[in-house]
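Q: I have a structure open and want to learn how to read it. Can you take me through its features one at a time?

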Amino acid sequence: MNEKRIEPSAQAENRLTQDRLQKLKELKERGVDPYPVRYRRSHTIAEAKQMFEALEAQPDRAGDSGAKTGEVRVAGRIMARRGLGKASFIDLKDGSGRMQAHLRADVLQGEYELLDLLDLGDIIGVKGPVFRTRRGEVSVEATSLTVLTKAIRPLPDKWAGLKDTEARYRQRYLDLIANDRAARNARMRSEVVASMRRFLHQRGFIEVETPVLVSVAAGAMARPFHTHHNALGRDLYLRIATELYLKRLVVGGIEKVFEIGRVFRNEGIDHDHNPEFTTLESYEAFADYNDVMDMVEQMVAAIADEVTGSPIIASSRGEGPEIDLTPPWPRIDLREEIIRRTGIDFLQQDDTDSLANAMREQGIYVEEGSTWGRLLDKVISTEVEPRIVQPAFLVDYPLRMSPLARHKPGTEGIVERFEVFAMGSELANAFTELNDPVEQRVRFEEQERLRMEAGEDEADRLDEDFLVAVEHGMPPTGGLGMGIDRLTMLIAGEDSIRETLLFPQLRT
């Protein structure tokens, strides 16, 4: 008979799990509920520490080494245990931080025996005053111990942290327990979004929600995810952008509008891309891309200052240069920068063959079957973007790459569009919005032609309902799209989008 081979690590984990299940049984036999329905904390660990430090700081406490607070009730996961016999020290961790608990057999009486049935990873509550040990560590002097959760599975590496990066992402709950940086990033992302909302509300913007399931996946150059609605009996798509619905609202008279929402693009996965991500899109009537540039640099610097205390960002790993988000940021002409870096002039190499030949001469890979726009995007992404370390605006893009942007007066084939880059990564994309419905229809029809004739499956799509809305009159408008996950990457000093997504998509 063939038996399934169990790896040594799995065998060890099975033994540990069985040991914990036995301890769970013994707890129940002693009449201890290892999963009580509630526990009333009086303080988080951080609050208990702050209360004690405030007590120590009182003028009449100067030189007093015996300060103690009143009774507190804290709870946390057991991270470490020291001591034997009649006294033990346990390190507890909750969502606010860590704290030591001092447990003595003569104080806890029968409850002290429960320590033999507890393991690293279990969650307990302790009651008692807060004091400072002889070694100077702020601790809870436990007068009562309550078992709150018996963990059946041990955590890897005795809580030293997950060593395998993929495992960290697949089991994020373990990463959050063991990795303080992961927990910091989760909190920081929330703070970034909250700060962004405050900034926009203070400027008079209204936050809205628009459909996630749409009949036409338009508003960006990306492949959509497809689904089917049974009750309606029709195919729908997950949105690839919120743009066209938000601009409908500008037509309707909501002159400053934004949405922070999830979008979905059927694209590759790398350190900058995830198939589902969160964007800010905002639209302001009677503004242009210059106004939006001013708003972006002010907003990003304000968010960084509010969240981290400074507009200057350092890498979370202590590597690489500091990033200074202080406005103003440079405005770099895209055409001039490409010429400076490669000698390629997109107004001269204005057909696919000539652009492809110029790229080959520069040693830039040319993918067969690519359209002109895809080739130029390759030039920008390989020769320009990676060299932008400090925040900067790349301004004035070719019209053929920007079907929703307004033509730049006094130029030929250029639109009022910018992209923001920092640390070699795109942070935002923005236009002076095209509000001429006749020209917008022509551009959408060209995008449809590219899809049908050139196989450009990421080309934008014609949305007839949106065109009807614009035909009713849309005022001059400045629009912005910004990736929340990438903004958090920048402010947190991370180099991968997976560090700012709690549950990134992963290959199986």
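A: Start with a pair of strands. This is a predicted model. In E17, phenylalanine 418 is the bridge partner of valine 395. E16 and E17 are antiparallel and share six bridges.

Q: What is the bridge partner of aspartate 333 in E16?
A: Valine 395 is the partner of aspartate 333. Here the pairing sense is parallel, with three bridges between E15 and E16.

Q: How many residues of E16 are buried?
A: Seven of its seven, so read the strand as mostly covered; buried here means under 20% relative accessible area.

Q: How do I place these strands in a whole sheet? What is the strand order?
A: Read a sheet from one side to the other. This open sheet has eight strands, in the order E7-E11-E12-E19-E18-E17-E16-E15, and its pairing is mixed. Strand E7 (206-207) and strand E15 (331-333) are the edges, each pairing on one side only.

Q: At what angle to E19 does helix H14 run?
A: About 65°. H14 spans residues 484-492 and lies across strand E11 (256-264), E12, E17, E18 and E19.

Q: Let me zoom in on one residue of H8. Is isoleucine 303 buried or exposed?
A: Isoleucine 303 lies in helix H8. Its relative accessible area is 0%, so it is buried.

Q: What is isoleucine 303 in contact with, beyond its neighbours within four places in sequence?
A: Val192, Ser195, Met196, Leu487 and Ile491. For a contrast, take lysine 25: it is 278 residues away from isoleucine 303 in sequence, and the C-alpha atoms are 51 Å apart.

Q: Val192 and Met196 point me to another helix. How do I read the span of H6?
A: Compare the end-to-end reach with the expected one. H6, residues 180-202, has 23 residues and reaches 33 Å from first C-alpha to last, close to the 33 Å expected at 1.5 Å a residue.

Q: Which residues of H6 are buried, and what do they pack against?
A: Among the buried residues are Ala182, Asn185, Met188, Val192, Ser195, Met196 and Phe199. The buried residues of H6 pack against helix H5 (172-178), E11, E12, H8, E19 and H14.

Q: How many bridges join E8 to E10, and how many join E9 to E10?
A: Two bridges join E8 to strand E10, residues 234-238. Leucine 213 stands opposite leucine 238. Four bridges join E9 to E10. There, threonine 227 has leucine 236 as its bridge partner.

Q: Which residue takes a positive phi in the hairpin of E9 and E10?
A: Glycine 233, near 65°; the hairpin has four residues between its strands.

Q: Last, the nonpolar cores. Which residues touch the most other members of the largest one?
A: Of its 40 residues, these are Ile338, Ile344, Met359, Leu376, Ile380 and Leu394. Helix H11 (372-384) is among the elements that supply at least two residues. H11 gives the largest share, six residues.

Q: What does isoleucine 380 touch, not counting residues up to four places away in sequence?
A: Leu334, Ile338, Glu385, Pro386, Leu394, Tyr397 and Met401. A second, separate core has 39 residues, including Val420, Ala430, Met482 and Ile491.

Methods
Residues are numbered from 1 along each chain as its sequence is written. This is a predicted model: local features need pLDDT of at least 70, side-chain atom pairs count only at pLDDT 80 or more; totals for chains, interfaces and linings use all residues. Side-chain values use heavy atoms; hydrogens and water are left out. Two strands pair if DSSP finds at least two bridges between them. Contact means heavy atoms within 4.5 Å. Axes are lines fitted to C-alpha atoms, for helices over the stretch in contact, and angles run from 0 to 180 degrees between N-to-C directions. Buried means under 20% relative accessible area, exposed over 50%, partly exposed in between (1.4 Å probe, protein chains only). The expected span of a helix is 1.5 Å times one less than its number of residues. A nonpolar core is a set of buried Ala, Val, Leu, Ile, Met, Phe, Trp, Tyr and Cys residues joined through side-chain atoms within 4.5 Å.
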